[in-house]
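Subject: Structure handover and notes

Hello,

Here is the structure I said I would pass on. Please have it open while you read the notes that follow.

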Amino acid sequence: MSLKITRNVLYSCFAIISLLMVLLFVPQNNVLGYLENQVCFIATICIASYIIILICIYSCMKSIGIYFIFVVISFFFFFGQHVLVLLNLEPQVTTFILLSKRISDEAIYETGLLIIRSMCLLTLGYILAIGNSSRKLEVKPTSIYTKEALRKSCIIFFLICVIPTCITLARNIILTFTIGYGTRIIDSQYQLSGISNIFGILASFMPPILIGLFVAKRANDKWIIPTIVIYLCLYTCQGSRINSFVLIVVFLYLQIKCYNKIKRKTYIKIAMIAIVVIVIFSVVSNVRGQLSTGQSVSSAIASSIKNTMENNALISAISEAGYTFSSTAVVIQHCPNDIAHTYGLSYLSALAYILPNDLTGNFYATVQSTDDAFKGFLNQYGGGIGSSFIAEGYYNFGYLAYLLFFVFGIAMATVEKKFTQSIANGDSRQTFKYMYIFSIIIFYIRSDTRTFFRNYVWFCIPILLITNYLMQKMDKRCNNSKFIKQKTRL
């Protein structure tokens with residue numbers, strides 16, 4: 001079995017390296033004339049490359065894991081609009097700017113190749129690091145109270161944070177439906193910090209709390225799923241959908257890995273959920289766009305529902321996801337000619353953001369994020385334009401970021417192995433921990449690392465610390481009980 005796995009890893013590495021060699025012979029400059037031709041050319045290359053990458057990942061893991069899902073999602077965020085052009089299905093929506101000439105033809109072409117090569121190096125690092133993880137996992141003993149301790153810890157945090165979360169969501173929903181989503185994200189109430197934003201900080205605990213509750217739920221905990229659904233609905237009503245999408249992916253993956261084996265009925269349920277989510281996200285996208293133009297809430301909702309019914313919601317969703325490519329292409333086009341490379345400062349600012357701003361001299365605010373630095377070139381809603389891990393890497397190091405993506409692949413393999421080990425050990429703490437990290441990684445596809453480390457340290461570690469404390473108390477109580485029973489017998 002070990003030899004077979006080793007061969008699969010070697011064959012996969014050979015396939016990825018061969019793909020990279022082929023990509024080196026693709027012309028660096030656009031030689032295809034019309035923009036539509038080059039977009040179709042890049043779309044064809046990316047489809048073939050992603051198929052090879054996914055086959056290599058699956059041949060090493062023999063299952064659909066965290067990184068496999070990451071790659072599939074990245075395809076739609078990076079090349080969704082390319083595929084629509086290839087299929088001649090371009091929707092008439094404001095987010096479809098691939099052919100709008102707001103980005104140079106050269107930048108679009110160059111960005112397409114850069115993303116494909118980056119994904120290859122990311123996957124190469126992942127495959128080399130994942131190694132022989134498909135061997136039989138060594139089961140390590142864990143406390144029998146791990147799951148119950150995590151459950152109680154999450155309930156404690158839930159009771160503390162539920163009211164601030166409701167207040168924060170209500171405030172954001174009211175702002176979105178009165179001044180519009182674009183204005184809300186630059187509104188002074190939305191950008192509160194420090195103690196004045198204590199409710200916003202407590203509300204940020206809710207995603208990891210819900211993940212922890214889902215991991216540790218009992219069979220009779222009927223309130224957890226409705227609570228998750230209500231939270232996702234309210235969060236989506238704010239106008240922001242990416243976090244809702246990430247949480248849905250996480251909960252579905254946990255349901256499959258921890259509770260149910262994949263059956264035909266499961267696929268049907270997932271497909272039905274996906275259709276409903278796509279329609280809802282399409283309506284929300286239309287509503288927040290129409291509110292930004294000054295329409296009333298009632299007319300914006302009515303118009304959005306009508307547009308969603310008349311247009312293909314799936315095509316619109318793919319188009320909007322593919323907007324991430326444009327955010328990346330703008331960075332490639334204007335860095336370093338208009339905006340200089342930061343040479344790692346954005347990553348350092350992410351580490352500094354773990355500490356209160358007063359302790360770091362507000363270093364975090366002195367370094368512009370990728371979307372803030374380039375929003376003047378491609379402004380969508382009045383705030384930032386979004387980003388991606390590839391855009392941030394290039395913003396920092398240019399083409400040297402290829403080496404960074406290889407390291408990122410190794411890191412993702414580590415998360416994958418730790419998560420798989422936690423499932424084998426029945427260690428709910430580690431399952432929760434790495435599933436929350438997974439949620440941050442998915443978000444990283446269309447964002448940068450500005451809040452990556454802070455979110456983990458501020459919102460995940462406290463839950464783990466309380467869980468460990470409760471687990472130790474439960475273990476001690478159990479040991480004392482056994483000691484008393486033995487003493488009584490004597």
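Which residue takes a positive phi just after α2? That residue is Lys62, with a phi of about 60°. Please keep in mind that this is a predicted model, and that the notes below are grouped by topic.

Helix α2 covers residues 35-61. With 27 residues at 1.5 Å a residue, α2 should span 39 Å, and the 38 Å between its end C-alpha atoms agrees with that.

Helix α20, residues 428-443, passes the same kind of check: its 16 residues should span 22 Å, and its end C-alpha atoms are 23 Å apart, which agrees. This helix is mostly covered, with 14 of its 16 residues buried. Ser428 belongs to α20. Because its relative accessible area is 7%, under the 20% limit, Ser428 counts as buried. In space, the C-alpha atom of Ser428 lies 6.0 Å from that of Thr146, although 282 residues separate the two in sequence.

The N-terminal end of α20 is capped by Asp427, which places a side-chain oxygen 3.2 Å from the backbone nitrogen of Arg429. Asp427 and Arg429 also form a salt bridge, where the closest N and O atoms are 3.4 Å apart. Both Asp427 and Arg429 are buried.

Salt bridges

How many salt bridges are there? The count comes to five. Is Asp105 buried or exposed? Asp105 is buried, because its relative accessible area of 16% is under 20%. Lys101, on the other hand, is exposed, because its value of 55% is over 50%.

Another salt bridge brings together the side chains of Glu148 and Arg218, at 2.6 Å from N to O. The two residues come from distant parts of the chain, 70 residues apart: Glu148 sits in helix α5 (residues 146-179), and Arg218 in the loop between α8 (206-216) and α9 (224-237). Arg218 has a relative accessible area of 38%, which lies between 20% and 50%, so Arg218 is partly exposed. Salt bridges with shared partners join Glu148, Arg151, Arg218 and Asp221 into one network.

The cavity

Rolling a probe the size of a water molecule over the atoms shows where empty space is left. How many cavities of 30 Å³ or more does a search of the whole structure find? The search finds one. The largest cavity holds about 40 Å³ of space.

Its lining is made up of Ile66, Tyr67, Phe70, Met412, Val415, Glu416 and Ile441. Helices α3 (66-86) and α19 (401-425) each supply at least two of the lining residues. By type, the lining has six nonpolar residues, no polar ones and one charged one.

One more residue in α3

Helix α3 also contains Phe76. With a relative accessible area of 37%, between 20% and 50%, Phe76 is partly exposed.

Regards

Notes:
Residues numbered from 1 in each chain as written. Predicted model: local features only at pLDDT ≥ 70, side-chain atom pairs only at ≥ 80, totals over all residues. Heavy atoms only, no water. Helix = DSSP H or I, 4+ residues; strand = E, 2+ residues; numbered from the N terminus. Expected span 1.5 Å × (residues − 1). Buried < 20%, exposed > 50% of the residue type's maximum accessible area, 1.4 Å probe, protein only. Polar contact = N/O pair within 3.5 Å; in protein donor to acceptor, adjacent residues only side chain to side chain. 1 Å grid on protein atoms, 1.4 Å probe; cavity = no way out; pocket = protein on both sides within 12 Å on 5 of 7 lines; lining within 4 Å. Points joined across faces, edges and corners; volume = space filled by probe spheres on them. Nonpolar A, V, L, I, M, F, W, Y, C, P; charged D, E, K, R; others polar. Salt bridge = Lys/Arg side-chain N within 4 Å of Asp/Glu carboxyl O.
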